[in-house]
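I opened this notebook to keep track of what I looked up, one topic at a time. The entries below are in the order in which I made them.

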Amino acid sequence: MNESIAVQAKNLYKVFGKKPKEVARRLSEGASRDEVSALGTAAVIDASFEVKTGEIFVVMGLSGSGKSTLIRMLNGLVEPTSGTVTVVGTTITDISQAELRRVRQKSVSMVFQHFALLPHRTVLENAAFGLEVQGIAPVERRARAQRVVELVGLAGWEDKLPRQLSGGMQQRVGLARALTAETDVLLMDEAFSALDPLIRREMQEQLVELQAELGKTIIFITHDLNEAMFLGDRIAVMRDGRIVQVGSPEDILTDPANDYVAQFVQDVDRARVLTAASVMEPASAEVSVTSGPRNALRTMRDLQSSAVFVVGRGRQYLGVVRDRDVMRQVKAGETDLRDILRKPQAVSPDTPLVDLVEPSIESGLPLAVVNETGKLLGTIPRVTLLAALGNVPLTTQSIPIMESPSRLTRRDISEALTETVGYEAAAGTEHRTGGRA
Amino acid sequence: MRGSVMSLTSNDLFRLPLGRWVEAAVDWVTHSFTGLFTVIRSLFLALYDAVDWALVTPPFWAVIIVLATLAWYLSSWKLGLGTVLGLLLVVSLNQWANAMHTLALVLVASAIAIALSLPLGIWAARSTVASRVIRPILDLMQTMPAFVYLIPALILFRVGVVPGIVATVIFAMAPGVRLTELGIRSVDREVVEAGQAFGASPGRILRQIQLPLAMPSIMAGVNQVIMLSLSMVVIAGMVGAGGLGNDVVASLQTIDVALGFEAGISVVILAIVLDRMTAGLGARVVTTGQPAASSFFPLEKENT
Ligand SMILES: Nc1ncnc2c1ncn2[C@@H]1O[C@H](COP(=O)(O)OP(=O)(O)O)[C@@H](O)[C@H]1O
Ligand SMILES: [Mg+2]
């Protein structure tokens, strides 16, 4: 098994009822869930997936779709009817209870929807519970629990009882208990569903931070799509016991596997989920800085746009030139595009759409999407941004790169080019047009 | 199916000799386990004698001070004061020694009943089969008129305090088992799951999660066991267990209203004091913020 796979589920079935094995067999032979419903409830049907180490894997689905049953099979709280589960290298579906307890102590802990704290124990004692079970001495486990309690922002509350805390704080204790156990994998079953929206947002952000800091593998269950989109590196969508799609948040949004998923994602807050990378287009109006103003002007004429991106060696993004400035330069006989370069803010590919609106309006130009080394990856014209935000289907063909039509007519440009034909030699060769025609 | 109206009152055709079978069974048990019953008898007797000695030997005021302090500690100063006044009334009715014999019997019987009902309740909570088997037996034990098992108790343990204890234990055990089972079964499933999810063994889950969270229910059971034990004192008196029950039985035989009332009011005083003390104990043991053990005699709560 691959080192980087933390949790692997293979053909998992769970059937509640009188004849679970038979139901599972018939389901695997192609029977539908309804056909076998008289014999038992098929809570999970043929679920297979792999969760990579350090990943936040979200399982999303409506109530009753089998999410809780699925996650409980990952730590053996529910025994699968068939199929195997492997956690950090140990196949837990065929081991003894004692071995299973060891796996739970060492490798996989859990955060519960209704917190499930021990009401008769203090915050610190709750946080230390996992270590207590592992047989760690009191002094050490208190010290270790104390560190985690502080990490989740509960310093000063160590000696309170759970009932003295607000819901959000109680769940921080739940999180602290799971983190203190220092397992590689964290299972979270609707961990934030019982919290107020604001607290929930705060907890989601904190979880992402903690994950980045501690590098835990997290399997997170939710019925809330926005939560799934915010947290998930990858998302599995469940319906009636089956996993109907696994993919990145963007895959799920932009390429739903079926109508069910499409419907599910309809009311998602796209502005926060979709990123620049998912809506950007190839930058077709793009010229090399060394190719000179005449070439830039010709490109603008051919593409009928009022500006082009200027790139350096290796498509390093340098800026934008506008048609009027280039025209002036051509007429004046100058050759360096750098003199008229404008530098509107470029954005990184993982910027959420919500953060693109302001730069887009400010510059009045298409946004350049640039990776961390400064390379131009693509562009987002304002119409594209608006279409994505407005939940309008994105057209597949390339939208003209500049939204504002060229302010110079073709004739103006052609005339200028002919008049100044002598200067052409100064610049390089053909203009480059990237991407699609 | 019946042959005649006559057979309704005296039926020789369909007479099921259930009684004879039970008698035969008791006979068999008596003969086969004589040794065991002798051991049980001396054990219970020793327990009773020890407790009785501790209550009767010191001067009455010393015992009253100890009990009142305990009541104060467990509940409130008001109960402490009430205990002093109530027990002084018992002394003034000349029932002190009897009341202490009864108290000893109640304490020993309750302790045995609780010691038996806790593990049974735990077992019933963990196994549905056990629960199904235990439940009808408990119903039988609690509803069968207590006099009925006084008879085998007398045969097995001879006259005296021991058959009284045994009959009391059998009669009073049921709520202990039931409320222990109920308490454990109604512990939040997610909290138990949390224990499992962190790799705790079933024993640890029982000790650290289920029993502490079931405490309110278990303490309510303890309270009821004690109250039911006290309600058996008269019947215990009939088999010569002594104490207040003895005087009640005697007053019944001689139609002595005065003696009957004085013994009766002493039982009531003991009952109230014990009830309030166990309710206070329940509230102390319970730290989960759930309602404390219910009381047989709910008085308004003076403080929280
Ligand atoms: N212990 C159980 N016994 C019988 N049916 C169950 C049990 N647990 C879950 N189910 C059924 O399995 C299905 C999936 O439940 P669950 O996994 O809790 O879904 P979710 O967490 O997505 O709401 C539901 O139809 C539920 O009724
Ligand atoms: Mg659920």
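**Ground rules.** I noted that this is a predicted model, in which local features need pLDDT of at least 70 and side-chain atom pairs count only at pLDDT 80 or more, while totals for chains, interfaces and linings use all residues. Residues are numbered from 1 along each chain as its sequence is written, chains are lettered from A and ligands numbered from 1 in the order in which they are written, and side-chain values use heavy atoms, with hydrogens and water left out.

**Chain B.** I looked up the secondary structure, where helices (H or I, at least four residues) and strands (E, at least two) are DSSP runs numbered from the N terminus, and found 13 helices and zero strands in chain B. Its C-alpha trace spans about 65 × 60 × 45 Å along the principal axes.

I then turned to the UniProt record, whose positions are given in the numbering used here and whose annotations may be inferred rather than shown by experiment. An unreviewed entry there places "domain: ABC transmembrane type-1" at residues 99-278 of chain B, a span that is 88% helix and 0% strand in the model, with its end C-alpha atoms 18 Å apart. The record also lists several spans as "transmembrane region", among them residues 225-245 and 257-274 of chain B. I compared these two: residues 225-245 are 71% helix, with end C-alpha atoms 18 Å apart, whereas residues 257-274 are 100% helix, with end C-alpha atoms 26 Å apart.

**Where chain B meets chain A.** Taking contact as heavy atoms within 4.5 Å, I found 20 residues from chain B and 27 residues from chain A in it. The buried area, which is the accessible area (1.4 Å probe) that two parts lose on being put together, summed over both, is about 1,900 Å², and carbon and sulfur atoms give 61% of it. Glu190(B), Ala197(B) and Phe198(B) supply 36% of what chain B buries against chain A, more than any other three residues.

Which residue of chain A forms a salt bridge with Glu193(B)? It is Arg72(A), with the closest N and O atoms 2.8 Å apart; a salt bridge here is a side-chain nitrogen of Lys or Arg within 4 Å of a carboxyl oxygen of Asp or Glu. The count between the two chains is two salt bridges. On the chain B side, the elements giving two or more residues are α9 (189-197) and α10 (202-231), and α9(B) has the largest share, seven residues.

**Ligand 1.** I listed the residues with a heavy atom within 4 Å of the ligand, and they include Phe16(A), Thr41(A), Gly64(A) and Thr69(A). A polar side-chain atom of Lys67(A) lies 2.9 Å from a ligand oxygen atom, and an N or O atom in the side chain of Ser68(A) is 2.7 Å from one. For Ser65(A) a backbone N or O atom is 3.2 Å from an oxygen atom of ligand 1.

From an unreviewed UniProt entry I noted "domain: CBS" at residues 280-337 of chain A. In the model this span is 38% helix and 24% strand, and its end C-alpha atoms lie 25 Å apart.

Technical notes:
A polar contact is a pair of N or O atoms within 3.5 Å; within protein, one must be able to donate a hydrogen and the other to accept it, and residues adjacent in sequence count only if both atoms are side-chain atoms.
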